[in-house]
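The structure is shown first.

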Amino acid sequence: MGEMEDVDVDHITTEIPSHKCPLVYESASHACIDRENNPLTGPVFKNPICKVYRFQTVDSKWMLVREQMEECTLSFSIPKQLLSLYIQEDMSRVQDLRELGELSPHWDNLRKEVMTRYGGIINSYQETLAELDKITGCSFKPSCCKAQKSLEFIPINLHTQRMRVTCPRKTDAFYDIVTVGAPAAHFQGFKCGGLQRLLTRYETEKKSFSTAYQCIYYSPEHTAKAQEVLSTMSLLLPLITSLADQLLQAAQEHSSPGLRDALKNLSDKTEQFVHTLKDELVKSALLALHAARPGYVSKHQKQTPVLGGQHQGHILQGSDQNPSPVQGLPGHSPATSITDSTAVCNNVEGLQSTTRGEGGPLKHQDSIPHHKEYDEEEWDRVWANVAKCLNCVIAMVDKLQEEDNSKQNPVPEQQQLADVIISHKPGDWREQLCPLVTRLKECVMEVVEKAKRAMTFVLLQEAACSIPQGFLLQQRRDVVFSQALAALACGFVMRLYAGMQDQGFLRQLHLVGLVAQFESLLSTYSEEIGMLEDMEVGISDLQRVLFQITEAKTDNLSDLQPLVCGRRDHFTVEVPLPRLVFQTLPEEIKEGKPLRVFPVLFNVGINEQQTIAERFGDISLQERINQRNFEMLEAYYKSLSEKVPLACLPCFQTQTDIKELLETLGQNVVTKKRKNVEILWIAGTICRRLNGIRFTSCKSAKDRTSMSVTLEQCALLRDEHQLSKDFFIRALDCMRREGCRIENVQKNIRCRKYAFNMLQLMAFPKCYRPPEGTYGKVDS
């Protein structure tokens with residue numbers, strides 16, 4: 001690549017017939033050979049286009065090179081699933097707002113306005129989903145439709161491309177890349193910038209809005225914490241309920257091992273539940289919610305003693321010196337007497353008298369009583385009751401097991417005592433545990449209801465002081481994230497399918513995760529700076545995504561489609577595999593271990609607009625993105641080298657150490673150099689060396705992206721497969737003139753010409769210029 005800078009432009013664009021590389025043949029059906037041999041490609045990848053070339057090596061032998069480009073069904077299926085999840089989440093949010101109970105007129109009016117806004121988003125997303133459901137057979141969005149509203153959630157021109165190389169001295173090798181238009185909200189436009197700029201401005205303005213709306217200002221961290229608490233509670237509540245039922249089932253079966261295991265799991269999840277809620281945000285939000293009730297009386301208005309008992313403290317905060325071997329709850333000892341635990345349970349019962357009818361089930365209050373001053377210590381007592389109830393269950397299980405052990409293994413001195421103990425029937429264990437377990441579940445439910453209202457009120461205030469800008473930004477972020485996730489899921493599935501036989505890759509996958517390197521060629525000028533600001537946030541939001549490999553119900557193609565679940569603060573993509581394939585995976589993956597992906601973004605603008613930005617504008621956004629993501633890539637490599645032997649990584653002919661490559665990348669990132677495309681080359685090389693997923697983007701993944709992909713392919717042929725130096729330029733021109741990328745242009749704009757004019761090309765780095773006759777200004 002470095003040699004290209006010294007090559008004359010006329011040499012690059014030569015069309016001497018004798019210098020053209022031999023194009024063996026082109027065939028869409030030829031690519032199906034791989035598809036038949038690999039049944040995994042069918043569910044996700046379709047409509048293949050294949051081009052085959054023959055190039056000469058340095059030792060005058062010949063290599064066979066095949067390009068294969070395919071569409072991806074995830075272009076539509078992932079956004080449609082996300083839209084459904086967005087609708088469900090917003091409908092749930094509206095329901096939570098309704099269940100807040102009675103509010104003062106001021107807050108009730110704000111609630112109604114927020115619910116109206118949510119209703120507007122829900123209706124808009126339902127209409128978009130209905131339009132997408134009408135589309136059948138299509139697997140990609142052409143660049144000419146990038147600003148179409150009904151398709152705004154769909155990634156632009158998403159394709160996979162694989163280059164397979166067969167040469168005499170090396171086993172077959174293949175190199176994958178995903179090409180996609182930069183994730184951006186084209187329909188909404190970029191007049192005021194993109195997400196990164198809009199979010200920064202929004203957080204600044206929100207402080208003044210909160211004063212105007214008489215709200216408490218909550219930082220993005222507080223808002224994220226509130227969403228996290230709600231999400232964690234929604235996950236843990238059914239788990240705790242299920243584990244409590246398992247404990248009773250083990251007691252019914254009189255199974256000591258089952259009882260111990262169920263108690264261990266129940267204790268772990270309950271402890272996690274309590275620690276999640278042990279946050280000052282929950283406590284302060286409860287007070288704020290009380291202040292929003294009709295008839296609120298503050299301490300300054302009413303000088304009366306605080307009602308209620310003494311502060312109970314954090315029950316789960318104890319010494320870790322003697323953790324229980326059964327449940328791991330700090331401070332618990334198997335020696336706890338049943339008498340002590342009964343006293344604790346009685347204390348819990350007394351504390352719950354405000355919410356439980358005498359001898360009856362738990363009653364859910366719609367609001368905190370209005371006629372008395374708010375007891376700030378009530379929340380501490382409520383969630384501490386959960387820990388106390390759990391201690392009661394633990395003590396009862398200990399008692400039952402001690403009695404069982406004394407009957408089974410009596411010593412002579414205890415024989416007489418053992419004879420006195422009445423033999424228990426299997427059902428007795430359940431009868432003794434059932435009231436305690438029921439009380440635990442009731443206390444958990446009481447905590448959930450209070451915390452849910454508190455966190456909903458936090459989100460209400462955040463939404464109220466950001467009308468309408470906050471809702472518009474959320475919609476924009478939803479659109480950008482949808483496009484980014486569809487591309488990431490496509491790349492993950494492609495990389496997973498390719499690495500199913502590579503044990504080193506699978507080990508890296510579950511121990512550390514994969515790096516996903518996004519290469520962007522957007523300029524930092526005019527509209528494209530807004531696109532880059534959108535893309536930066538969209539790629540960063542992918543950190544909230546986990547992947548999980550599952551066993552497909554059947555081998556039908558419909559059952560092998562990836563599924564998305566979760567909510568905006570956390571999504572999981574489930575990738576089903578056929579049973580026989582699934583059985584070959586490591587146990588950690590088969591057991592459902594969440595798999596992480598580390599997205600990084602590097603951008604270098606190369607067109608004439610970047611020339612203007614570098615000479616007269618501002619490129620600080622590009623510099624900041626590259627510096628920040630270099631640090632993330634460096635941190636990923638450090639984590640990888642600590643957990644996975646470097647022998648698990650793929651072998652390349654170029655023996656440059658990854659550490660050395662990272663040092664070179666770091667130097668280039670801080671070097672002031674115009675259109676420093678070496679940043680992209682080195683980042684791409686590091687990604688491949690790290691078993692990562694490669695993405696390349698420009699505005700529509702059509703023209704500049706084609707130049708980048710073909711250049712990378714020829715560089716790989718030169719560095720890894722000894723492509724003759726005399727053939728490098730000819731191979732590059734041949735791929736750009738006859739290869740898959742010109743077919744991509746044809747698919748998008750029905751014209752076999754790259755959308756460049758001569759003035760634009762003069763601003764391009766020389767190695768990014770197409771051969772003559774393949775370009776012309778086209779509206780796209």
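The sections below go from the whole chain to single residues.

**Overall composition and confidence**

The model is predicted. The protein holds 25 helices and eleven strands. Of its 780 residues, 56% are buried. When contacts between residues at least 6 apart in sequence are considered, 80% of them join residues at least 24 apart.

The average pLDDT of the protein is 83, and 80% of the residues score at least 70. Residues 303-344 have a pLDDT below 50, and this stretch makes 71 contacts in the model beyond near neighbours in sequence. Residues 414-427 also have a pLDDT below 50; for this stretch the model has 13 contacts beyond near neighbours in sequence.

**Two helix pairs**

Two packed helices are described by the angle between their axes and the distance between the axes.

Helix H15 spans residues 527-541 and helix H19 spans residues 620-643; their axes come within 11 Å and cross at roughly 20°. Angles under 35 degrees count as roughly parallel, so H15 is roughly parallel to H19. The crossing of H15 past H19 is left-handed. On the H15 side the contact involves Ile529, Leu532, Glu533, Glu536 and Ser540, and on the H19 side Leu621, Arg624, Ile625 and Arg628. Sorted by class, the contact of H15 with H19 has four nonpolar, one polar and four charged residues.

The other pair is formed by helix H6, residues 220-252, and helix H7, residues 256-277, which pack at an angle of about 160° with their axes 9 Å apart. Because angles over 145 degrees count as roughly antiparallel, H6 and H7 are described as roughly antiparallel to each other. H6 also passes H7 in a left-handed crossing. In the contact of H6 with H7 there are 16 nonpolar, seven polar and two charged residues.

Residues under 20% relative accessible area count as buried.

| Residue | Relative accessible area |
|---|---|
| Glu720 | 4% |
| Glu536 | 8% |
| Val745 | 0% |

Glu536 belongs to helix H15. With residues up to four places away in sequence not counted, Glu536 touches Gln196, Leu601, Leu621, Arg624 and Ile625. Among these, Leu621, Arg624 and Ile625 are in H19 and take part in the meeting of H15 with H19.

Which residues does Glu720 contact, leaving aside its neighbours within four places in sequence? They are Lys170, Tyr175, Phe652, Gln653 and Thr654. Glu720 itself is found in helix H22, residues 704-721. Lys170 lies 550 residues from Glu720 along the chain, and the C-alpha atoms of the two are separated by 9.4 Å.

Val745 is found in helix H24, residues 740-749. Leaving aside neighbours within four places in sequence, Val745 is in contact with Lys702, Asp703, Arg750, Cys751, Lys753 and Tyr754. The C-alpha atoms of Val745 and Ser143 are separated by 9.3 Å, while the two residues are 602 residues apart along the chain.

Terms used
Residues are numbered from 1 along each chain as its sequence is written. This is a predicted model: local features need pLDDT of at least 70, side-chain atom pairs count only at pLDDT 80 or more; totals for chains, interfaces and linings use all residues. Side-chain values use heavy atoms; hydrogens and water are left out. Axes are lines fitted to C-alpha atoms, for helices over the stretch in contact, and angles run from 0 to 180 degrees between N-to-C directions. Helices (H or I, at least four residues) and strands (E, at least two) are DSSP runs, numbered from the N terminus. Angles under 35 degrees count as roughly parallel, over 145 as roughly antiparallel, 65 to 115 as roughly perpendicular and the rest as oblique. A crossing is left-handed if the near helix is turned anticlockwise from the far one by less than a right angle, and right-handed if clockwise. Contact means heavy atoms within 4.5 Å. Ala, Val, Leu, Ile, Met, Phe, Trp, Tyr, Cys and Pro count as nonpolar, Asp, Glu, Lys and Arg as charged, and the others, Gly among them, as polar. pLDDT is the predictor's confidence in each residue, from 0 to 100. Buried means under 20% relative accessible area, exposed over 50%, partly exposed in between (1.4 Å probe, protein chains only).
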